Amino acid sequence: MHARVAATTAAAVLGTATLLSPTSAARAGDVGTTTVIAHRGASAYAPENTLASIDKAAQLGFSWVENDVQRTKDGELVVIHDDSLQRTTNVEQVFPGRAPWKVKDFTAAEIARLDAGSWYSPAYAGTRVPTLRDYMCRIEHNHEKLLLEIKNPELYPGIEQQTLKLLGNEGWLDRKHLKRLIVQSFSIDSIRTVHELRPAITTAYLGSPTPAQLHQYASFTDLINPSYGSLSNGYVAAVHSFDGPHDKPLGVFAWTVNDAATARRVAGYGVDGMITNKPDVVRAALGSD
C-alpha cells in the first residue's frame, strides 16, 4: 500500500511516459498476459447479463465474464445493468402502468415473467433476467471466473453484505473460488465496505483517481478500472507503482474496448486486462488467437 517508484507517479502527473518502473515497462510490452473479460458476458453476440451471454463467452473460450448486480422490491439479487427494466426487457408490455419500471419496484416473481432476450434478437425470445444465485450456478457449471459489479449501491442499502452472504452460501468465498472472483463498483464506499467485510476478496474501483489519490485507494482496492479513453502510459505506470491491500501492485482493467485498433493501443499502455463486448476481437488483436 505504498508507492514503490515515486518518479513514475511524477511522470503520470506531468502526463509523460518517459519514466516507467521496470515492472510497468515489462507489462507494457507483454500483451500476451492481458486478461480479456467478457463484458456482461459475450454481449455483442447474446443478450447482455443473461445466462446465454455467459454460455456464449464460454463457447468462445473465455473464462472471465463481468456482470451487474441489483436488488428487487422483495430483496432478491438479480443480474441486470440498468436500474430500469425498460431497455432490456418487455416490461412496458407486461406492466404498462408502472413506469418508470425500476428494478427496485418489482418483485422477483414479476421480473421472472419478463422476456430479456427479444430486444436483442428473436432467436433469444423467452430469455429471462437471471437471479444472482442462478447466475452463480451457471458460472460454476461453465468453470468461469467472475468480475462482479455491485450496481447503484445507493439504491440498495446493505447490498454489499447481502451479495457476500449469497456468494458464501454458494461456496464462492473459499480459497479456491476467491481466485476466480473480483468485486467492483463505481462507489468508493461500496468497495471499501466489501474489503472491510471480507479482506480476502480481490476488489476493483471503477474510475480514474488522480495519481495523488492512488495511495488512498490502495488501502482497500486491488485494481483501478477506468474507461480506456482516460488512459495513458504514465497513468497506468502510476497505478502499477502502488501496492494494494494484498501486497501486490495495483492492476488496471480498461473498459469497454471493442475494436482491434483500440485493443492494440490500450495494450501498449501496459494494462493488465480489457473488458469488452467482443472478446474474440480483442483476443485476435492481441495476437493470442
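**Group meeting: a walk through the predicted model**

Okay, let's start with helix α9, residues 188–197, where S190, I191, V194 and H195 are buried. Viewed down the axis of α9, those buried residues stay within an arc of 135°, so they line one face of the helix. The arc here is that of the directions from the helix axis to the C-beta atoms. By buried I mean under 20% relative accessible area, with exposed over 50% and partly exposed in between, using a 1.4 Å probe and protein chains only. Helices (H or I, at least four residues) and strands (E, at least two) are DSSP runs, numbered from the N terminus.

Quick housekeeping. This is a predicted model, so local features need pLDDT of at least 70 and side-chain atom pairs count only at pLDDT 80 or more, while totals for chains, interfaces and linings use all residues. Residues are numbered from 1 along each chain as its sequence is written, and side-chain values use heavy atoms, with hydrogens and water left out.

Back to α9. What does its buried side pack against? The buried residues of α9 pack against β4, α7 (159–169), β5 and β6 (202–206), where contact means heavy atoms within 4.5 Å. On the face turned away from that buried side, α9 carries the exposed residues D189 and E196.

Now compare helix α3, residues 51–59. Its buried residues are S53, I54 and A57. They cover an arc of only 95° around the axis, which puts them on the same side of α3. The cover over the buried residues of α3 includes β1 (35–38), β2 (64–71) and α6 (132–141). Just after α3, look for G61, which takes a positive phi of about 95°.

That brings us to β2. How many of its eight residues are buried? Eight of the eight, so to speak: β2 is mostly covered. W64, E66, D68 and Q70 point one way from β2, V65, N67, V69 and R71 point the other way, and all are buried.

Who are the neighbours of β2? Strands pair if DSSP finds at least two bridges between them. β1 and β2 run parallel, joined by two bridges, and I37 has W64 as its bridge partner in β2. With strand β4 (residues 145–150), β2 pairs in the parallel sense over six bridges; there, E66 stands opposite L147. With strand β3 (residues 77–79), the pairing is antiparallel, over three bridges, and V69 has V79 as its bridge partner. The hairpin of β2 and β3 has five residues between the strands, and in that hairpin G75 takes a positive phi near 90°.

On to β8 (251–255). Four of its five residues are buried, so to speak mostly covered. Strand β7 (residues 223–225) runs parallel to β8, and two bridges join them.

On a 1 Å grid over the protein atoms alone, a cavity is a set of points where a 1.4 Å probe fits but cannot get out, and a pocket is an open set with protein on both sides within 12 Å along at least five of seven lines; lining residues have an atom within 4 Å of a point. Grid points are joined across faces, edges and corners, and a volume is the space filled by probe spheres set on the points.

The largest pocket holds about 480 Å³ of space. Of the 18 residues that line it, the closest to its centre are T202, D222, L223, H246 and K248. β5 (181–185) and β8 each supply at least two residues of that lining. By class, the lining has eight nonpolar, five polar and five charged residues. Here Ala, Val, Leu, Ile, Met, Phe, Trp, Tyr, Cys and Pro count as nonpolar, Asp, Glu, Lys and Arg as charged, and the others, Gly among them, as polar.

The second largest pocket has about 150 Å³ of space. The largest share of its lining, three residues, comes from helix α5 (residues 108–112).

Last one: how many cavities of 30 Å³ or more are there? The count comes to one, with a volume of about 60 Å³ for the largest cavity. Its lining includes E48, W119 and P130, and divides into six nonpolar, three polar and one charged.
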